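Hi,

Here is the structure I promised to pass on. Have a look at it first, and my notes on what turned up follow below.

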Amino acid sequence: MTDLNKTLHKWGASLRKGTDFDSWGQLVEAIDEYQILARQLQKEAQSPANSSHLSEDQKKTIGKIATCLGLRSAALQSTQSQEGFTLEDVKKLEPILSSILTFNKEFPFDVQPVPLRRILAPGEEENLEVEEEEEDGGAGVRSPDSFPVRVPDLNGIDLTPVQDTPMASRKEDTYVHFNVEIEIQKHVEKLTKGSAIFFEFKHYKPKKRFTSTKCFAFMEMDEIKSGSIVVELYKKPTDFKRKKLQLLTKKPLYLHLNQTLLKE
């Protein structure tokens, strides 16, 4: 097996691994796999002609596949809409990637290859964001625009409608104040075992013209009780299974909540 065939085989296995995770509801793992493969494909798509075994047309197709994987990753992380690039769409890419050396049909999706820096490996988003903030006049954490509240089960399936919040009312020192009340649309006793209440901090990136998840926090069932609570902030992407949690920062930054349990 030639080096090129080994590479193509590895790409195909990675794509199948990603779609398997996707179909099983393991969204964090699927996002990681899609983003890693997208980076590999994008590097190949932008490699010089004298260092690649693929033709320019083949590299363009590879770049389009990378774009599609980026779109699927974004769709999995979005809480705003159920629309977007679907798992079935991703599966249509498998025969194209496996036959890239002979593929000569029209690409099934109206996309274009994107610059390498626009497809980010897991964990790279924060570094890029700090660079942008420094250009704007100083590094630091920008105020989130909102923090959607959702109640998913361990597979990431929402048990109640996702509720968004208005923009932060003010920023004071290291605190961002929202001063908003959210009522969970289901009795606590009726929530399935393993479910939790998640808070995703969103902020708008004007240069990229889209809303990004900065970090997230959650409360498990045994933490739902009347009174104040302080919960930790974790790095994105949102991990509904709570298996690969990484603190957002070593600094003492937390989400402060006040809970009220209502009795009927």
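First, a term: helices (H or I, at least four residues) and strands (E, at least two) are DSSP runs, numbered from the N terminus. Glutamine 58, for instance, has its place in helix H3.

Two housekeeping points. This is a predicted model, so I kept to its rules: local features need pLDDT of at least 70, side-chain atom pairs count only at pLDDT 80 or more, and totals for chains, interfaces and linings use all residues. Residues are numbered from 1 along each chain as its sequence is written, and side-chain values use heavy atoms, with hydrogens and water left out.

**Overall picture**

The protein has 6 helices and 8 strands. Read from the N terminus, the order is α-α-α-α-α-α-β-β-β-β-β-β-β-β. Of the 264 residues, 43% are buried (buried is under 20% relative accessible area, exposed is over 50%, and partly exposed is in between, with a 1.4 Å probe and protein chains only). The protein exposes about 15500 Å², and carbon and sulfur atoms supply 50% of that; these areas come from the Shrake-Rupley method with a 1.4 Å probe, and for residues only the protein chains shown count as cover.

For contacts, the rule is heavy atoms within 4.5 Å. Among contacts between residues at least 6 apart in sequence, 60% join residues at least 24 apart.

Glutamine 58 counts as buried because its relative accessible area is 15%.

Serine 73 also sits in helix H3, which covers residues 56-77. At a relative accessible area of 2%, serine 73 is buried. Setting aside residues up to four places away in sequence, serine 73 touches Ile31, Tyr34 and Gln35.

Arginine 39 is in helix H2 (residues 27-45). Is arginine 39 buried or exposed? Its relative accessibility is 14%, so arginine 39 counts as buried.

Glutamate 223 is in the loop between strand S5 (210-220) and strand S6 (227-232). With 29% relative accessible area, glutamate 223 is partly exposed. Beyond its neighbours within four places in sequence, glutamate 223 is in contact with Phe218, Ile229 and Gln259. Glutamate 223 and isoleucine 197 are 26 residues apart in sequence and 9.8 Å apart in space, C-alpha to C-alpha.

The loop between strand S7 (234-235) and strand S8 (254-259) holds proline 237. The peptide bond from lysine 236 to proline 237 is cis, with omega near 0 degrees. Arginine 242 is in the loop between S7 and S8 too, and has a positive phi of about 60 degrees although it is not a glycine. As background, most residues other than glycine have a negative phi, and most peptide bonds are trans. Arginine 242 is buried, at 15% relative accessible area.

Leucine 247 is another residue in the loop between S7 and S8. Leucine 247 counts as partly exposed because its relative accessibility is 44%. Not counting residues up to four places away in sequence, leucine 247 touches Glu232, Leu233, Tyr234 and Lys235. From leucine 247 to lysine 236, 11 residues apart along the chain, the C-alpha separation is 9.5 Å.

**Cysteines and cavities**

How many disulfides are there? Taking a disulfide as a pair of cysteine sulfur atoms within 2.5 Å, the count is 0. Cysteine 68 is buried, with a relative accessible area of 0%, and cysteine 215 counts as buried at 3%.

A search of the whole structure gives 3 cavities of 30 Å³ or more. On a 1 Å grid over the protein atoms alone, a cavity is a set of points where a 1.4 Å probe fits but cannot get out, and lining residues have an atom within 4 Å of a point. Grid points are joined across faces, edges and corners, and a volume is the space filled by probe spheres set on the points. The largest cavity has a volume of about 70 Å³, and its lining includes Gly25, Gln26, Leu154, Asn155, Phe240 and Lys241.

Cheers

Notes
On a 1 Å grid over the protein atoms alone, a cavity is a set of points where a 1.4 Å probe fits but cannot get out, and a pocket is an open set with protein on both sides within 12 Å along at least five of seven lines; lining residues have an atom within 4 Å of a point.
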